[in-house]
Amino acid sequence: MKLSRQFTVFGSAIFCVVIFSLYLMLDHLQLDHTKSPNNGGDKLQNGQLSILQDKIDRLERLLSENNEIIANIRDSVINLKESVKDGRGGLDGGNMSQGPYLELLASPPLVLPIDSQDCQFATREFSKPADGVQLLDVYDLLTFDNHDGGVWKQGFDITYQENEWDSEPLQVFVVPHSHNDPGWLKTFDDYYRDQTQHILNNIVVKLHEDSRRKMIWSEISYFSKWWDNIDNQKRDAVKSLFEQGQLEITTGGWVMPDEANSHYFALIDQLLEGHQWLERNVGVKPQTGWAVDPFGHSPTQAYLLKQAGLANMLIQRVHYSVKKHFASQKTLEFFWRQNWDPASSTDILCHMMPFYSYDVPHTCGPDPKICCQFDFKRLPGGRVSCPWRVPPQPITDGNVQQRVQMLLDQYRKKSKLFRTKVVMVPLGDDFRYAEALEWDQQFQNYQKLFDYMNSHPELHVKAQFGTITDYFNALRKSAIDPGHASASLPVVSGDFFTYADRDDHYWSGYFTSRPFYKRLDRVLESHLRAAEILYSLTLANIQRFGKLNDFPAVENNRLLTEARRNLGLFQHHDAITGTGKDMVVIDYGTRSVVVYNPTEQDRTSVVTVYVNTPHVCVITDHGHPVPAQVSAVWDDSTTASTELSFVAQVPALGLGLYQLSTAVSGGAETAEYVFLRQGGELSVNMKHFTVNIPQDASTPLSIHNPHIQIWSSPTTGLMERLKLKENGSEHQIKVEFAWYGTTSNRDKSGAYLFLPDGEAKMYSPARSPVIRVTKGSVFSEITTTFDHVTHTLRLYNVQGVEGQAVEICNLVDIRREFNHEIAMRLASDVDSKDRFFTDLNGFQIQPRRTMAKLPLQANFYPMTSMAYIQDPGTRLTLLTAQSLGSASLVSGQLEVIMDRRLNQDDNRGLGQGVLDNKVTPSTFRLLLEKRKPSPLSYPSLLSHVSSLYLNHPLISMAVSTEAQSLSLSAFTPLASSLPCDIHLVNLRSIQSKEDGGGPSDEAALILHRKGFDCAFSNRNTGLLCATTQGKIHTEKLFSELRFQSIIPVSLTLMHTTEGGSSKEEIRLKPMEISTYRVQLT
């Protein structure tokens, strides 16, 4: 079919709604960032705290106004129709594509078709390399005794023989760096104005003064802002520094992201934004990752860097006992391999910094008292000094020999922790090199030290400034080249969570801190992805018909770029995310609702909108009635207004159209209500609904749908049992809430640290809760209103995926508490023992083991999208729509920290507690599945798709009355659902390299094939897809569009990959993320 006038309008409408709401929220947001311990002396000034609070309050107002903003933009976007004139060739003819769909989707198959070869991935076992290290085994081995190691407090005494370097000199690479947080104690713009622009200006001047000087830079968010403000002469000077190898971009992402809470979509997006900026502006391709400040490290980030074409990476914040162990085994340099990789295709060379911090006192060697004397910014008379009260000395002819011996001793001791005679020494800290004086102090004094070392062959050392890639190149030559005598490097698999920097100070608090924003981030990611895909599809169709002038492509691309970059900045701040569901308001007459499905699966899901009357009916655009339910929207536990929920069926990546109108009779069914409260009177103020308040409330409460039945306590309303109707199995699953306090010791819980006062105490409200049972044709639910939590258990009465799980919603309010953290606990009869599983970044599953030898807080881990426990016959999975901290402290239990209110700073530099709590919604889905024993552990296909639906709900928008005069119809861009195990990560437009900032005619197609476990029932899953051994036939992907070109490239488009997929077929291996540069026509 030809491109229709109405789709031009609605493609633009939905894009503008999503992007404008995203942009407006992000553009006004500045949030806290957890910080390095070496800056503990920096205190947040009262003025900055006031600014921060103003920003947070402003965000809250923006969120509450979001519906109004969307409505205003939506109603104005119809003006776009003026650019689409009647009678223009190629734009008439109705819908873009009728596609293969009737007005309703096909019914899900009774048995999900899974190719037998697709089940082999989760059942294969492979031998580990002889020198392989699995982090879970290391934790078993360690005693975590924290002995005093002497000058290296968390390590051990290091000795060496003077003649060890006689045959092969020690190579020393001193790597100057400056870590620039994009917002922490100041805003991004304030940091740029006060410090970062001066650092970058100095780089140009000071590196050109001496060709031996080197520098590295990471944060493209700052670099791009600076680049836009310098002239062509300075730009040419910067490019010459890149060409000469004096300046290196490390990692090259928009920020240095958090690796615990960030979803892999956001990690990819900010990395791609940085790399694309570099390609367009300076032609640089990063080779090495540099991550000195994230609080623990994920193998997901290692995989993404490898897929982007990087060869090396560096990490710093690792548990001090793990560092000590790796140092003792000389495994600080290793190949980081993914858990599922039987060979070496995912290997990336990694360097783990051995000491406490990345500042100068903790990088030259094991003794910070000595190393601090070689941080020449701390020379007497400056603003910073050495805490050990022995200051640096300027290097002179009179003292150079003695100072060289002192420094070389540290270099030699540090080198003894590694397998080669190549040592790397970072030289920098946060926002360093902002003043020309510091450049002179550091570079001139170090050059004198190097000149002496290098001119005295009896010292057997070669020292120089270097970039991090200079160091890795020398390391590879020493350790990896064939025929070299040095030992090979080990292979390591696993993750580096949970981080502790000293004593029992585990950084597991920030997994949950500020959960309101953690939820917000996930919502914004979903909206951005939806906008990216719709924009790319719209643009391809507009270009196909040669009508680019009729579409505001350049302006929309500019807004999209801003949204990407603002979301990228978000990832630097603990993956701060969270808000409640946006509700479309239908307030008069007959209105159309456009529903967008942002997933790659044909989908049956429930859509909810506010209405101003209970007398309403819903029909499809073909006039067929749709199952619908009118329910109450509760302002508090007993008063309400009205909402409408209906079952929408929307094709993959497509638009569905529904008509809502007032109905005198035969409209949506009305929900029925039962209220209970033990020992208390109830007065319910509502009309239009049937309400029952039973006198005898001792019988367990129950709701059910075609798949599940649950029973809850009549006293608390909390779930106690769950039954799977398919096989009749019944399980004890109790929902509980509990409080954690903070320790009475001097160091207490704060934004980063979780230091509880012991085991959690059961939540016991002062008064009996109000319990409300809702029963309806579309959903049923049980809601309990406690003093601090409104807890809802919901079952959807649909045959699709969302009918398979229990939806759990908690609305948490602990704003009046003092040093309390509230947890939700699931206590089941699953015999999980001390094992449980959490995801990493929504990308992969990491096995966990609860260890009695560790403090309670050490057994909490980040949960980005799911956690589960299992025994040989059952798996209980908690899917989450926001990143939170989770644990399984007792067999059969899963526990999630919901919110934290802490009245003091935890001495990690922020200078404040966590006192800006909001009323915070959080959403989960609980999935109980029968399983067969399996050697490895991956999610089921059902849990993968359930997680996808939870994090990417249908997006509904009411159509303005003016737009209803147009002939609207559904939009079906894909020929069918993608295979069940393949996720469309993004279809992202690529910016043109020409001036003007518009889009090119190409897009980045990013696909992920998920690893899944076949040891689960494939009956009645509700899925409308199949598996295909990872194959996609490109000619059959779209309904109307076709691939004019499809080129396999690295993750962020920096490199064209060898071989790869043909134009006719894409083929992905399990767990693989692949990017293709595509042109659609």
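Strand S2 (residues 170-179) and strand S10 run parallel and are joined by 5 bridges, one of the pairings being that of Gln171 with Lys462 in S10. The model is predicted, so local features need pLDDT of at least 70 and side-chain atom pairs count only at pLDDT 80 or more, while totals for chains, interfaces and linings use all residues. Residues are numbered from 1 along each chain as its sequence is written, and side-chain values use heavy atoms, with hydrogens and water left out. Helices (H or I, at least four residues) and strands (E, at least two) are DSSP runs numbered from the N terminus, and two strands pair if DSSP finds at least two bridges between them.

The open sheet has 3 strands in the order S9-S2-S10, with parallel pairing. Strand S9 (422-430) and strand S10 (461-465) stand at the edges with a single partner strand each, so one side of each is left without a neighbour in the sheet.

Helix H12 lies across S2, S9 and S10, at about 115° to S9, whereas H13 packs on the sheet, touching S2, S9 and S10, and its direction makes about 160° with that of S10. Contact here means heavy atoms within 4.5 Å; axes are lines fitted to C-alpha atoms, for helices over the stretch in contact, and angles run from 0 to 180 degrees between N-to-C directions.

Helix H12 (residues 400-415) and helix H13 (residues 436-454) also pack against each other at an angle of about 85°, with their axes 10 Å apart. The contact between them includes Val404 and Leu407 of H12 and Leu449 and Phe450 of H13.
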